[in-house]
Amino acid sequence: MEIQHVKKYFLSNNRAVKAVDDFNLVIAKGETVGLVGESGCGKSTVGKTIIRLLEPTAGEVYFEGTNIYKLSHTKLKELRKDVQIVFQDPYASLNPRMKIEDIVGEPLDIHRLAKGKQRKERVAELLNLVGLSPEHANRYPHEFSGGQRQRIGIARALALEPKFIVCDEPISALDVSIQAQIVNLLKELQEQMGLTYLFIAHDLSMVKYISDRILVMYLGNMVELSDSQSLNSEPLHPYTQALLSAVPIPDPTVKRERIVLEGDVPSPIFPPSGCVFRTRCKHAMEICALEKPKWKEVKESHFTACHLY
Ligand code: SF4
Ligand code: MG
């Protein structure tokens, strides 16, 4: 998937809210890119806009060479088979009045892919795939735990055999003990089915285990991108450094100083001039208020936008 100059602005009291400002990324087949940032930084909007659940303000997205923003409604429906999303909140994203069978089977109905016995079999297969049992098909969402509900959400996303899945904070609403199970399930499914993921999260703790590369966003802007290893061992951007310092280290002999960010994320309606992070950056210089830092490759395949480099 090739994302070029994607922007998504919303209107609020006649002012443009720049939820996503110039997003660029190429995601290779079979790859997992982690997308990280505090809530409200635009990451869910990126996830929805790049698969056209939201219409973009500007930009292009090519999926397997096809510009998905130019697709007609019929063709867009076809794209839905290849490109899916798993939502954050397994409590809110499953219809409480539908049986699991119908939640997981609904995409098959919409695309007229299976009915009757065939549909039942396919649903059973999907439930197996995500570690649930076919007997669960006749139950309702409230009968399941948070982790199980997320498995149901994943089964539904897999129903059409997609190639690309936006995982929009799939573990953020779950207990820490369950998070690793869901991450492992997603990894297994990826290997089995050759899936490609954009994995969205608000902190770096789990993302580093699942991602090949990690992209950090702040206030609608991309601030750093590199492979997971270098981002964790040598973060360049002051914002990434702060995010990383908040991740607990399992080894008690290793000390890492916690960088506490002062203040709140500014409103995207009135973002700071120059670097959007400058109001919270302890390295801020005069130029940071005057010029927006350019996106640069500082080390091999390690990019950031910051005047320190
Ligand atoms: Fe801090 Fe300036 Fe870099 Fe922004 S550009 S992160 S304000 S040093
Ligand atoms: Mg979100």
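Two strands count as paired here if DSSP finds at least two bridges between them. Strands of a sheet pair through backbone hydrogen bonds, either parallel or antiparallel. Please keep in mind that this is a predicted model.

- Four bridges join strand 11 to strand 12 (residues 302-305), and the two strands pair in the antiparallel sense.

- Another open sheet is built from four strands in the order 2-1-4-5, with antiparallel pairing.
- Strand 2 (15-26) and strand 5 (66-67) are its edge strands, and each pairs on one side only.
- Strand 5 pairs with strand 4 (residues 58-63) in the antiparallel sense over two bridges.
- Here the residue to look for is Phe 63, which has Thr 66 as its bridge partner in strand 5.

**Helix 5 against helix 6**

- Helix 5 (residues 146-158) packs with helix 6 (residues 176-193) at an angle of about 20°, and their axes are 10 Å apart.
- Angles under 35 degrees count as roughly parallel, so helix 5 and helix 6 are roughly parallel to each other.
- The crossing of helix 5 past helix 6 is right-handed.
- On the helix 5 side, the contact is made by Gly 146, Gly 147, Gln 150, Arg 151 and Ile 154.
- Helix 6 contributes Ile 178, Gln 181, Ile 182 and Leu 185 to this contact.
- Sorted by class, the contact of helix 5 with helix 6 has four nonpolar, four polar and one charged residues.

**Around ligand 1**

- Which residues come nearest to ligand 1? Of the 14 residues around ligand 1, they are Cys 275, Arg 278, Cys 281, Cys 288 and Cys 306.
- By class, the shell around ligand 1 has ten nonpolar, three polar and one charged residues.
- When you read that tally, note that Cys counts as nonpolar and Arg as charged.

Key
Residues are numbered from 1 along each chain as its sequence is written. Chains are lettered from A and ligands numbered from 1 in the order in which they are written. This is a predicted model: local features need pLDDT of at least 70, side-chain atom pairs count only at pLDDT 80 or more; totals for chains, interfaces and linings use all residues. Axes are lines fitted to C-alpha atoms, for helices over the stretch in contact, and angles run from 0 to 180 degrees between N-to-C directions. Angles under 35 degrees count as roughly parallel, over 145 as roughly antiparallel, 65 to 115 as roughly perpendicular and the rest as oblique. A crossing is left-handed if the near helix is turned anticlockwise from the far one by less than a right angle, and right-handed if clockwise. Two residues are in contact if their C-beta atoms, placed from the backbone, lie within 7 Å. A residue is near a molecule or strand if its C-beta atom, placed from the backbone, lies within 6 Å of it.
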